[in-house]
Amino acid sequence: MISERQMQRVLLLDRDAGASVQLGRRLMSVAGCPFELVRADDWSEARSLIETGDIEVILTRSEFLSDACECGIPVIHLVVEPEFHRSTEATCDSLWDQSSASELIRCLHYAIERQALKSALDRASSYDPLTGVCNRFMVQDRLKIGMRRALRTNQPLALMFVDLDNFRHVNETLGHGAGDSIIKEVVARLRGILRNTDTVGRMGSDEFAIIIEDYARSSNLLQIAQKLVGELAEPFLVEQEGLLLGCSVGIATYPEGGQTVDSLTLHANMAMLQAKNQRGCNYHFYDDRINLQANNLIEFETSLRHALRGNQLELHYQPRVNLATGRIVGLEGLIRWRHPERGLLGPNEFIPLAEETGLIVPMGYWVIARACHDLAKLHRRNHPPIHVAVNVSFRQFQDSQLLPTVKRLLDKTSIDPRWLEFELTETAVMQNPDQVLATMQGMTGLGVRFSLDDFGTGFSSFMHLQRLPIDLLKIDRSFVKGISDTRSDRQLVAAMIELGHSLDLEVVAEGVEHRQQLAELRALGCDQVQGFFISPALPFDELCYFMDAYSMGREDSQLSVS
């Protein structure tokens, strides 16, 4: 016998109580019928029954069709004569009221299953499967509805874009399982801060959108942003260890930040990027100045692409001097951009943009090719052998063509690979140590060598330094700057030099600008120095003149770097 708990309730919209009794008897004549029939005289009574949440399907007479609403329950038109045409949009099917009991039950089953499938498809197309929050398309729909409501009621509306900082490294180092658990934790924290009426949506891997309506005052919106940043700044527990990520939040308000869904979304994203340019966890409100900066950035990117094709890039070289012998033993190649309107630009003015747009990879290959050709030129001019170093970004280090390209350039220029040197930063090395090690081993197999740049500014460990095939440590200029005046800086540099020597590495100090700094570094046992005290970075032709003059000066006098 079918228990009450298992019965599925069918609502009949019909003023004729007798017809309801007959239909109910027809259903109950089937053994094991899972349906129970209840009747309502009108939609008002029907809605009260629907609100109880246990109505599975609605059977309705023709006079009630005009008021049939989207209630999430399938509606079947109960007709007095058989119909063979298509059902109306308000109904999912039509049924002759004199149909057999088995046909009636079959029709009810079909309507319920069809509605369940439709709900599942709607959910799959509208919600993020990992977190259950709205996906990009649902966020856009809700934003459109919210903007109409805000316009009609003259109430404020804001769109927030939230992006996790350094989330990509979580997937790369800890795996996607850890990344998924963090994403779900982020959603839980967001829901803990926001009201039930606020919309949370996942726009991408680690990007979220939040729609906040009727927040009354701007100060309330500011408090929400501060709470949000503070909450996501707290560590995430991954494999029993706390992991700090932080976030960047962009905020655009309607209608000041845009009067369409696309413009408001664009400006919230632009504000988020502006927040990301600042250190730590930050939020930023959109304004017209950001729009101007974005347009300038687009123009600058176009110019940079043209520079790559139009021979506007130059490689300048800064000499490295051995403190024991006073000889120039190395050159660091530093890229410059000869901009047609702004003049000569240093790397800090365009390298970040190149990293962001992916132009750093072709730019890096240009640098390596230029360095190889210039090293070949030095050999043809009978200069003593000298190391030429170039910086390699982590993004280029991940490129599958790096090894074959370097091999091809070495073959083409016929240079001795022992004199070609690649500089990696601590941050780049630690992003994916195992992959970096594998690539470095392939490169050292060609004969080139590596140095670790900006040592002391990253977070490399003794264990990783020991594993990597590095020949030199380069102490960052920020530590060298105060070596003559500050005891703590001097002690720190001394410790770095001692660490490098304990690993059988040569140590190079960058940013040497004064004779006193040179003397301190010599006393601490530093191997090499580079900086303005020796020479700024020079174009290749000027470099050749400088090296000739420097060599002649050393022969005439031993006072050049003493």
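Reply: S7 and S8 pair in the antiparallel sense over four bridges. Strands here are DSSP E runs of at least two residues, helices are H or I runs of at least four, and both are numbered from the N terminus. Two strands pair if DSSP finds at least two bridges between them. This is a predicted model, in which local features need pLDDT of at least 70 and side-chain atom pairs count only at pLDDT 80 or more, while totals for chains, interfaces and linings use all residues. Residues are numbered from 1 along each chain as its sequence is written, and side-chain values use heavy atoms, without hydrogens and water.

Start with the hairpin. Four residues link S7 to S8. Within the pair, Gly 201 stands opposite Ala 209 in S8. S8 has another antiparallel partner: strand S6 (residues 157-164) pairs with S8 over seven bridges. There, Asp 163 faces Glu 207 of S8. Six of the seven residues of S8 are buried, so the strand is largely enclosed by the rest of the structure. Buried means under 20% relative accessible area, exposed over 50%, and partly exposed in between (1.4 Å probe, protein chains only).

Asp 206 sits in the loop between strand S7 (199-202) and strand S8 (207-213). Asp 206 is buried, yet has no salt bridge. A salt bridge needs a side-chain nitrogen of Lys or Arg within 4 Å of a carboxyl oxygen of Asp or Glu. The nearest side chain of opposite charge is Lys 276, 6.1 Å away. For charge, Lys and Arg count as positive and Asp and Glu as negative; His and the chain ends are not counted.

What does Asp 206 touch, leaving aside its neighbours within four places in sequence? The contacts (heavy atoms within 4.5 Å) are Val 162, Asp 163, Leu 164, Phe 167 and Ile 183.

Next, the cores. A nonpolar core is a set of buried Ala, Val, Leu, Ile, Met, Phe, Trp, Tyr and Cys residues joined through side-chain atoms within 4.5 Å. The largest one has 80 residues; Leu 331, Ile 368, Phe 422, Leu 521 and Val 529 touch the most other members. Helix H11 (residues 360-380) gives the most to this core, with 12 residues. A second, separate core of 31 residues includes Met 160, Leu 164, Val 186 and Tyr 215. Leu 164 is also one of the contacts of Asp 206.
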